[in-house]
Amino acid sequence: MGNEESIAGDQTGILAQDPYVWYRAFMMEYPSGLQTLHEFKALLGLQGLNQKANEHVDQVFNTFDTNKDGYIDFVEFIAAINLMVQGKIEQKLKWYFKMCDSDGNGSIDKKELRNIFVAVQALNGQHTMNPEEFVNFVLQKADINNDGELTLEEFINGMEKDRDLLEIVSKSFDLSNVLKIICNGKQAGLGKVKMKSL
């Protein structure tokens, strides 16, 4: 697995914008310099979700909120976009793992894996496969000690050894639809920043 590989696909033009353009658009949309969870959901058109769906979206928001202050600031915003677009595979896999590990105990169980899969599929408005099929496939391929949980090491090693698994996980956790909404926008402000090569 080469370190220069990217799962970004055709997303590479997103950061071609001048950083000042991104900053200005972010600050116009969020004058406080901070995006709240409510604003994140509003940007993505995710108001009125049921409790379970809200919890899933909260988990995605929390992975963007790296300093855990309850907000996404501009640096976190750009870092998340940069990771999704230009990050190396190992960086993305670590981020996927962190996104799945909702209780922060250093391992992913079936419930956590299923929940984040459902959340990302809901954010993207797509369904690459059945949640149970996805969970069973990932665990079958990566759970070396068959304990029903994945450590970070098992997760990364499983992806490195099995290109099919890497492809399915990459597609299943793909947040390009979120990037399209952020960049092309349903709303004003950030929506005016256009992606160059989607």
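The legends below describe an overview and several close-up views of a predicted model. Local features need pLDDT of at least 70 and side-chain atom pairs count only at pLDDT 80 or more, while totals for chains, interfaces and linings use all residues. Residues are numbered from 1 along each chain as its sequence is written, and side-chain values use heavy atoms, with hydrogens and water left out.

**Overview. The protein chain holds ten helices and four strands.** Helices (H or I, at least four residues) and strands (E, at least two) are DSSP runs, numbered from the N terminus, and in that direction the elements follow the order α-β-α-α-β-α-α-β-α-α-β-α-α-α. Of the 198 residues, 45% count as buried, a term that stands for under 20% relative accessible area, with exposed meaning over 50% and partly exposed in between (1.4 Å probe, protein chains only). Among contacts (heavy atoms within 4.5 Å) between residues at least 6 apart in sequence, 66% join residues at least 24 apart.

**View 1. Helix α1 (residues 19–29) packs against α4 at an angle of about 125°.** The axes of α1 and α4 are 11 Å apart; axes are lines fitted to C-alpha atoms, for helices over the stretch in contact, and angles run from 0 to 180 degrees between N-to-C directions. The helices α1 and α4 are therefore oblique to each other, given that angles under 35 degrees count as roughly parallel, over 145 as roughly antiparallel, 65 to 115 as roughly perpendicular and the rest as oblique. Pro19, Trp22, Tyr23 and Phe26 of α1 meet Phe74, Phe77, Ile78 and Ile81 of α4.

**View 2. Helix α4 (residues 74–86) also crosses α5, at roughly 125°.** The axes of α4 and α5 come within 9 Å, and the two helices are therefore oblique to each other. On the α4 side the contact is made by Leu83, Met84 and Val85, and on the α5 side by Gln91, Lys92 and Trp95. Helix α5 (residues 89–100) has twelve residues and reaches 16 Å from its first C-alpha to its last, close to the 16 Å expected at 1.5 Å a residue, where the expected span is 1.5 Å times one less than the number of residues. Buried residues of α5 include Lys92 and Trp95, together with Ile89, Leu93, Tyr96, Phe97, Met99 and Cys100.

**View 3. The axes of α7 and α9 come within 11 Å and cross at roughly 145°.** The contact is made by Phe134, Phe137, Val138, Lys141 and Ala142 of α7 and by Asp164, Leu165, Ile168, Val169 and Ser172 of α9.

**View 4. Helix α8 (residues 152–161) has Glu154, Phe155, Ile156, Gly158 and Met159 as its buried residues.** What covers these residues includes the helices α5, α7 (131–142) and α9 (163–172), as well as the strands β3 (107–109) and β4 (149–151).

**View 5. Lys41 and Leu123 are 82 residues apart in sequence and 9.8 Å apart in space, C-alpha to C-alpha.** Lys41 lies in helix α2 (residues 37–43) and is buried, with a relative accessible area of 11%. Once its neighbours within four places in sequence are left aside, Lys41 is in contact with Leu46, Gln47, Asn54, Val57 and Asp58. Leu123 belongs to helix α6 (residues 110–124) and is likewise buried, with a relative accessible area of 7%.
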